[in-house]
Each structure stands twice: as structure tokens, then as C-alpha cells.
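Visitor: I'd like to go through this one with you, one question at a time. Can you show me the sequence and the structure?

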Amino acid sequence: MPLLEIKNLHVHYPIRGGFFRRIVDTVQAVDGISFTLKRGETYGLVGESGCGKSSAGRAIIGLNRVTSGKVLFEGIDIAQLRGQARSNHRKEIQMIFQDPYSSLNAQKTVHSIIAEPLRNFERLSSKEELRRVQTLLDRVGLSPESIHKFPHQFSGGQRQRIGIARALALNPKLIIADEPVSALDVSVQAQVLNFMQDIQKEFNLTYLFISHDLGVIRHFCDRIGIMYKGRFVEEGTVEEIYNNPQHMYTKRLLAAIPEMDPVKRAEKAKQRRWIQAQYEETFDRFLDPDGKALELKKITDTHSAAVQ
Amino acid sequence: MNNNLLDIQNLRTSFHIKGKAYAAVDGVSFTIQENEIVAIVGESGCGKSALALSIMGLHPTKTTTLEGQVAFKGENLLTIPQARFDQIRGKEIGMIFQDPMTALNPLHPVGRQIEESMGQHLALAKEERRNRTLELLKQVGIQNEQRVYKQYPHELSGGMRQRVVIAIALACDPVLLVADEPTTALDVTIQAQISDLLKELQNRTKLSILLITHDLGVVSELADRVIVMYAGEIVEMAEVATLFHYPLHPYTRSLLKSLPGQQSTKTALHVIEGIVPSIQKLDRSGCRFAPRIRWIPEQAHENDPQLHEVAPGHFVRCTCYESFHFPDDHIGDDNNAITGN
């Protein structure tokens with residue numbers, strides 16, 4: 001059984017207006033996506049801003065309401081659960097946020113930030129709680145004295161580690177990381193990515209990694225889903241997507257990765273112009289009459305694309 | 001060479017913190033030629049934005065001291081009267097800011113915002129200003145310029161807004177563009193479009209660009225020459241191809257090595273030990289990068305590190321690059337640039 005199975009997930013936001021603020025229209029942020037996560041793997045959700053990747057992540061963890069569809073976590077539809085049953089499962093999924101500057105409460109000490117999930121879900125004596133927080137701090141490589149400090153006393157990379165310690169506090173099985181390194185400098189980014197890989201092995205974690213950075217995704221993920229306007233346009237292993245992209249949108253996204261060899265940049269710019277021209281000419285063929293992506297079609301066992 | 005458009009000599013920008021002055025830009029010298037794109041790279045805290053703001057004269061004068069020389073076409077911008085500076089800034093030097101949403105005024109249509117600086121600097125009639133604005137919008141790749149002219153910033157996408165910001169910077173035909181992280185806040189495909197646009201503008205007009213960024217991908221795509229900054233100083237300066245193929249300074253090499261590579265490998269990325277020192281805690285004697293490469297013996301560093309010209313146009317600070325190797329390298333094969341794979 002896969003750890004997580006998403007079936008035809010829809011997340012729609014109402015637009016209210018007019019008399020009594022009635023619902024006049026909806027934004028279909030996530031419009032029917034399906035994918036599965038195997039235990040211990042890293043799945044990358046990629047797309048440009050507004051494609052619905054963050055909405056999907058937030059719906060899975062329960063921060064957005066699921067409009068329709070199933071979120072099966074170990075076979076149980078957690079989108080339908082309420083009350084105690086929901087909160088029992090809620091512990092198993094945790095989130096790492098993008099901006100380590102705004103995702104930590106500036107008025108709380110590191111101790112109470114990391115202890116908060118423990119206080120919500122487990123009844124511990126203050127001694128036990130302190131011990132757990134100390135172990136977590138040690139695990140993410142922060143010094144023991146940082147327990148009494150406040151977030152502003154740390155660098156960006158250290159703050160992201162505090163966020164990771166908080167996510168690890170309840171021993172989750174799945175971690176949803178929404179752009180965890182895009183606000184960080186390259187060298188700090190390397191630190192955090194390495195660290196996330198270490199703890200993945202140690203705790204046998206599964207990651208849903210949401211990002212727009214194709215370089216980071218390529219380095220970090222096993223499989224990738226590419227989203228466009230709330231739907232998948234292509235899904236496959238890293239090798240399949242990067243070496244044999246099928247959908248025009250994927251091709252255009254890959255062409256936009258900067259060329260790291262300045263000698264070849266003119267060639268790359270030419271290739272980009274060519275793909276852009278092709279994109280403008282043929283993109284209609286990849287869309288249904290509503291301007292949404294077509295149904296996914298299987299190409300190999302692991303690779304599928306929304307092509308005709 | 002006397003076609004230096006911008007000639008910066010020994011620039012020192014100090015911030016006053018609790019009664020003491022700390023230099024964020026600490027003795028920086030370089031030039032920009034006509035029709036050249038010079039990129040300044042470094043991580044946050046290296047002084048690259050402080051440098052850009054010093055050139056534009058945008059630091060608050062009460063809490064900042066500027067020393068040295070910023071000569072633009074032979075005039076030192078640090079000493080000329082404010083009235084003269086106002087004639088140059090916005091006319092001959094344009095600026096592009098990082099975040100197009102905060103750089104634009106949400107209350108005015110974009111056409112009016114582009115015309116604003118023309119009103120200051122050019123003697124044009126209302127109708128001429130309007131025509132020129134429409135022309136500019138077309139130049140930066142906006143197709144339905146008549147409509148966009150009347151639209152407000154919130155009606156435009158991120159890429160369109162950044163194009164408008166570029167149009168504002170170009171409004172008075174500048175010869176130098178200072179671009180502070182022009183693509184950072186944008187999506188990948190839009191990033192590529194904006195870099196292609198800047199490159200095209202350089203080719204078509206006689207424009208020079210000072211590009212400030214932390215993104216080595218943008219540097220590789222755009223720059224003619226690259227300056228790497230660390231802790232307020234230039235640590236390496238070279239032609240773009242040289243810098244990417246034969247990086248010398250330990251900091252440059254570490255930065256290039258810490259990028260997620262082109263292959264999908266689940267091996268660990270290179271991590272630079274320690275953190276960028278804050279300007280108050282920075283030790284200003286000796287090699288400033290030394291604390292982050294402790295495995296290199298102390299005698300490898302100079303006491304007072306200078307910029308050495310190791311090949312024509314290729315400058316490196318300190319002598320530590322000669323004996324530098326990564327801790328996990330086999331000594332001897334340490335000349336691998338990122339393109340060496």
C-alpha cells in the first residue's frame with residue numbers, strides 16, 4: 001500500500017460578491033490531480049506561481065478545505081475525518097514552510113516553538129518535554145543554549161533548522177516541504193538540502209517537495225509531477241522528465257533553466273527562442289476547449305503526459 | 001583604456017551603528033566600459049546592494065559615510081552638488097529594483113509612471129511623452145501597449161510588471177542601468193524572458209548594465225565580466241567564461257561547488273563551513289575567508305591580502321588560492337570547475 005494516495009483532488013476557492021456576499025464564482029486552484037507517494041521516496045511538485053502546487057500541498061495537510069476527491073493516507077481518507085480521528089492522523093503529516101523569517105513566532109523562544117506540537121498532541125511532564133526538545137535541537141545541529149533564544153538571534157539557515165525540528169517533533173511519516181530553500185542563499189541552501197536528506201534516511205521519511213526551482217528538484221527528487229493551471233501535464237521519474245520531456249509546457253520550463261556554461265549561452269538562447277515559437281504555435285493542441293490540460297496518457301509504466 | 005563609463009576607486013560605504021562606523025563596502029575599485037554588462041555576485045551580507053545604493057546615492061546621508069570615488073563620465077558622483085546629481089540619476093543612470101510590486105505605485109496607471117521621469121528630465125510635450133511611452137512599452141516586449149498604458153500595476157502579471165519597471169528605467173535613454181536582482185522575484189520562464197530582454201537591449205542600444213545578483217545562473221547567462229564579493233571586498237574579478245571555467249578564489253570555487261548540479265545525484269552538496277560574518281563582528285585583518293577554510297594552513301594567507309592580477313583581466317585576492325583544495329579532494333586534481341564533469 002502506498003503511503004499517500006491522492007485521487008482526483010479538487011480545491012476550489014469561492015469568489016464572493018454582490019448582495020450578501022454570495023458566491024459568484026470559483027477559482028479552480030487544483031482541478032483534479034491524482035498521484036501516489038511510496039514510503040521513503042521524494043516526490044517533487046513543480047510549476048510556476050499560480051499553478052496550484054501550494055494549494056494541493058496545503059489541502060493534503062488540511063490547511064485548505066478539500067472540495068472533492070480523496071486523500072488516502074495509509075488507506076484512510078483523511079479529508080473526510082473529523083474530530084479525534086482526524087487529529088490522530090494529523091500528527092503523521094507535518095509541514096516545512098518557505099520563509100523561515102515569517103513561519104516562526106518572533107515572540108516565542110525556540111523551546112516553546114519546538115514544544116508546541118508536543119503540547120498539542122502529547123501529555124508530557126515539563127521535564128520530559130525539555131528532554132525531547134533538547135534531543136531535537138541536537139538532531140538538527142543547533143547548540144543546547146539556543147533553547148532560550150528567540151528566532152531573530154539566528155541566521156536564515158538556522159531558522160529553517162528550527163522549523164525542521166518543529167516538524168520532526170511528533171515523528172511524522174510524511175513531510176510536506178513548500179519551497180523550503182527558495183528564501184536561502186546557495187551555500188545555506190546546500191546545508192539545508194543535505195540535512196533534509198540525512199534525516200530522511202534516519203527517520204525513513206517521505207517528502208512531498210514543492211518547488212519552482214528545477215535545479216533543486218533535479219537534485220533532490222525521485223519522481224516529479226508538473227502542474228499547469230491546477231492539473232498535471234506530465235509525471236515521471238527525474239530522468240524521464242529531464243531527458244525525455246513529452247509535453248510542450250515541460251519543454252518550455254526546462255528550456256528556461258539558466259545555462260551554467262557562459263560559452264554555450266548564445267546557443268541556449270537560440271534554443272529557447274525556438275521552443276518559445278513552437279510553444280506559441282502548438283500549445284492549443286495540448287489543451288481542452290476550456291484551456292485546461294488534457295487527461296494524462298501513459299507513456300511508460302512510470303511516465304505519463306497530457307498529450308493527444 | 002579611457003572609455004570608462006563608470007570608474008569606482010576605493011569606495012568605502014560605512015554605516016553608523018551605535019556611534020561606531022562599520023564598512024559594508026570596504027575599498028572596492030572597478031570600472032564599467034561602454035556597452036558592457038558587469039555582474040556583482042555574492043551572498044546576502046557581502047555588500048553588493050550597499051554598493052549599488054552607493055552608486056545611486058540612495059543611502060540615508062545621516063547614518064552613512066561614503067568615501068572614495070564614483071566617477072561617472074569623469075564626474076565624481078560623491079562630491080557633485082545634489083542638483084547636478086538629480087540631473088544624472090534617472091536620466092543617464094537608470095535603476096531596476098528587485099520586486100516589481102513594491103517598485104511601482106499601485107495608485108497610478110503604468111503609463112503615467114513611465115512618463116513621470118520624462119517630465120523631470122526631457123523637454124517633451126504631453127503628446128510626445130505619450131508616444132515615447134508607447135514606444136518603450138513595445139521595446140520591452142509588451143504587445144498590447146495601448147491597453148497596458150492605461151492599466152494599473154495590480155492588473156498585470158509579475159513578468160509584465162518587471163517589463164514596466166525596465167521601461168521606466170529606460171525612459172530617458174540611460175547609458176548605464178543598475179539592476180539589483182532584476183529576476184529574483186520572478187518565475188523561471190519569466191526569468192529567462194527578462195534576461196533575454198536585457199541582453200537584447202545591450203546589443204541594440206549602447207547600454208551598459210551593472211547587474212547585482214546572488215544567482216550564478218543569471219550571471220552565466222548575461223554578464224561579460226564578473227566581480228565576486230565577500231565581506232565587503234572584491235575577492236575575484238574575471239571575464240565570465242574564465243570565472244566559470246577557471247575559478248581561483250576559494251570562495252568562488254566553493255560557491256560553484258555548492259550549486260545543485262546538472263545531473264540528478266543524491267549525493268550531498270558541498271557546504272561552506274561557518275556563516276557570513278556580520279559587519280559588526282567581521283575581523284578586518286588578514287584574509288576574510290580564512291575562518292571558513294580552516295584546513296588551509298595559516299601561512300598560505302597574506303597578512304594584508306591584495307588583489308593580484310594572475311592573468312590579463314583576472315584578479316584574485318590573497319595568495320591562499322594557490323594551496324587551496326576542498327577537504328575531500330585528493331591533492332593535485334583540484335582544478336575542477338563545474339563544467340569539468
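Visitor: At what angle do the axes of helix α4 (residues 110–121) and helix α7 (residues 158–170) of chain B cross?

Guide: Bear in mind that this is a predicted model, where local features need pLDDT of at least 70, side-chain atom pairs count only at pLDDT 80 or more, and totals for chains, interfaces and linings use all residues. Residues are numbered from 1 along each chain as its sequence is written, with chains lettered from A and ligands numbered from 1 in the order in which they are written. Helices here are DSSP runs of H or I with at least four residues, strands are runs of E with at least two, and both are numbered from the N terminus. Axes are lines fitted to C-alpha atoms, for helices over the stretch in contact, with angles running from 0 to 180 degrees between N-to-C directions; the axes of α4(B) and α7(B) come within 8 Å and cross at roughly 25 degrees.

Visitor: Does that make α4(B) roughly parallel or roughly antiparallel to α7(B), and what is the hand of the crossing?

Guide: Angles under 35 degrees count as roughly parallel, over 145 as roughly antiparallel, 65 to 115 as roughly perpendicular and the rest as oblique. The crossing angle therefore makes α4(B) roughly parallel to α7(B). As for the hand, a crossing is left-handed if the near helix is turned anticlockwise from the far one by less than a right angle, and right-handed if clockwise. The crossing of α4(B) and α7(B) is right-handed.

Visitor: How do the residues of the contact of α4(B) with α7(B) divide into nonpolar, polar and charged?

Guide: Two residues are in contact if their C-beta atoms, placed from the backbone, lie within 7 Å. On the α4(B) side you have B:Val110, B:Gln113, B:Ile114 and B:Ser117, and they meet B:Val164, B:Ala167 and B:Ile168 in α7(B). Ala, Val, Leu, Ile, Met, Phe, Trp, Tyr, Cys and Pro count as nonpolar, Asp, Glu, Lys and Arg as charged, and the others, Gly among them, as polar. The contact of α4(B) with α7(B) comes out as 5 nonpolar, 2 polar and no charged.

Visitor: Over to the two chains: which element gives the largest share of the side of chain A that touches chain B?

Guide: In all, 31 residues of chain A are in contact with 31 residues of chain B. Elements that give two or more residues to the chain A side are α6 (186–203), α7 (214–220), α8 (238–243), α9 (248–255) and α10 (265–282). That side of chain A divides into 13 nonpolar, 9 polar and 9 charged residues. The largest share, 7 residues, comes from α6(A).

Visitor: What do the buried residues of α9(A) pack against?

Guide: A residue is buried if 20 or more other C-beta atoms lie within 10 Å of its own, exposed if 12 or fewer, and partly exposed in between, with C-beta atoms placed from the backbone. In α9(A), 6 of the 8 residues are buried, so this helix is largely enclosed by the rest of the structure. The buried ones are A:Met248, A:Tyr249, A:Thr250, A:Arg252, A:Leu253 and A:Ala255. They pack against α8 (188–204) of chain B, together with α7, β9 (223–228), β10 (231–237), α8 and α10 of chain A.

Visitor: Is A:Asn204 buried or exposed?

Guide: A:Asn204 sits in the loop between α6 and β8 (206–211) of chain A. Phi of A:Asn204 is near 50 degrees, a positive value in a residue other than glycine. With 10 other C-beta atoms within 10 Å, A:Asn204 is exposed.

Visitor: And B:Cys318, is that buried or exposed?

Guide: B:Cys318 also has a positive phi, near 70 degrees, in a residue other than glycine. Its place is in the segment after β12 (314–317) of chain B. B:Cys318 has 26 C-beta neighbours inside 10 Å, so it counts as buried.

Visitor: Which residues does B:Gly27 touch, not counting residues up to four places away in sequence?

Guide: B:Gly27 lies in strand β2 (residues 20–33) of chain B. With 15 C-beta neighbours inside 10 Å, B:Gly27 counts as partly exposed. Leaving out residues up to four places away, B:Gly27 touches B:Asn10, B:Arg12 and B:Glu233.
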